[in-house]
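I opened my notebook to write down what I looked up in this structure, in the order in which I looked it up.

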Amino acid sequence: MKKVKIVAVIPAHMASVRFPGKILHSFFGHPMIEHVRRRALLSSGIEDVFVATCDEVIEKTIRNYGGKVIATGSHHLNGTTRVAEAAELIDCSHIILLQGDEPLLLPSFIDTMANKILANPNGDAWNGTGPIQNQADIDRHSFVKCAVSSDNRILYCFRRGPSHTNFLNQQRYIRKILGVIAYRKSFIKAIDD
């Protein structure tokens, strides 16, 4: 394996289904995506941060903040394929995909993901998860949850709780997807082929 070089890429587009234009929605004086980009820059585990977008308004906004942008096609159905296209132009071994609508993202989440990559650089993909603290969140549609196996592998993902057991039992195997996903560059490229 060549030298590990980890970068963060934030896929972005204006055509959000539930909240069109949310990526540029102002949050404490800056667009949400700019908060995410700045928080990524605070991570000690990555070497660079890029925004991958097909929208000129996003590109212009990020460049005005001094950020790096990679223009992508408008055909993408999800952020993963958009990042895979951008990866072609980035010198790196691994990519951490960050959600542009998570302005409260902690740089420590990115550091943890980078450390997981460094511990197993030949792995294909990693997905950050966190505990679910209250019962109402199990069935909350606004964020994705997952069921995990005893060795912490994701079995399946969902928005509405598929389980009917009591909350304490569900807390043992249902976790929140944190929106921090990593790929070995060659693996994400294979996904897009």
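**Entry 1: the whole fold.** I noted before anything else that this is a predicted model. I counted the secondary structure and found six helices and 10 strands in the protein. Of the contacts between residues at least 6 apart in sequence, 64% join residues that are at least 24 apart.

**Entry 2: the nonpolar core.** I kept in mind that nonpolar side chains tend to be buried together in soluble globular proteins. Which residues of the largest nonpolar core touch the most other members? In this core of 25 residues, they are Ile33, Ile46, Ile58, Ile96 and Leu98. I then asked which elements supply at least two residues each, and I listed the strands S1 (6–12), S4 (49–53), S6 (94–98) and S10 (174–184), together with the helices H1 (32–41), H2 (56–64) and H4 (107–119). Apart from this core I found another one, of 16 residues, which includes Ala52, Ala86, Ile90 and Ile181. I went back to Ile58 and, leaving aside its neighbours within four places in sequence, I found it in contact with Ala12, His13, Met14, Ile23, Leu24, Ile33, Val51 and Thr53.

**Entry 3: helix H4.** I looked up the length of H4, which has 13 residues and reaches 19 Å from its first C-alpha to its last, close to the 18 Å expected at 1.5 Å a residue. Its buried residues are Pro107, Ile110, Met113, Ala114 and Ile117. Seen down the axis of H4, these buried residues fall within an arc of 120°, so they line one face of the helix. I wrote beside this that an α-helix has 3.6 residues a turn, so residues three or four places apart point the same way. On the face of H4 turned away from the buried side I found the exposed residues Lys116 and Ala119. I also asked what covers the buried residues, and the cover includes S1, H1, S6, S10 and strand S7 (125–131).

**Entry 4: Glu34.** Not counting residues up to four places away in sequence, Glu34 touches Ile62 and Tyr65.

**Entry 5: two positive phi angles.** I looked up Phe28, which is not a glycine and yet has a positive phi of about 50°. Phe28 is in the loop between strand S2 (26–27) and strand S3 (30–31), and because its relative accessibility is 74% it counts as exposed. Asn152, also a residue other than glycine, has a positive phi near 65°. I located Asn152 in the loop between strand S8 (145–148) and strand S9 (154–158), and with a relative accessible area of 60% Asn152 is exposed.

Methods:
Residues numbered from 1 in each chain as written. Predicted model: local features only at pLDDT ≥ 70, side-chain atom pairs only at ≥ 80, totals over all residues. Heavy atoms only, no water. Core = buried A, V, L, I, M, F, W, Y, C linked by side-chain atoms within 4.5 Å. Buried < 20%, exposed > 50% of the residue type's maximum accessible area, 1.4 Å probe, protein only. Helix = DSSP H or I, 4+ residues; strand = E, 2+ residues; numbered from the N terminus. Contact = heavy atoms within 4.5 Å. Expected span 1.5 Å × (residues − 1). Arc of directions from axis to C-beta.
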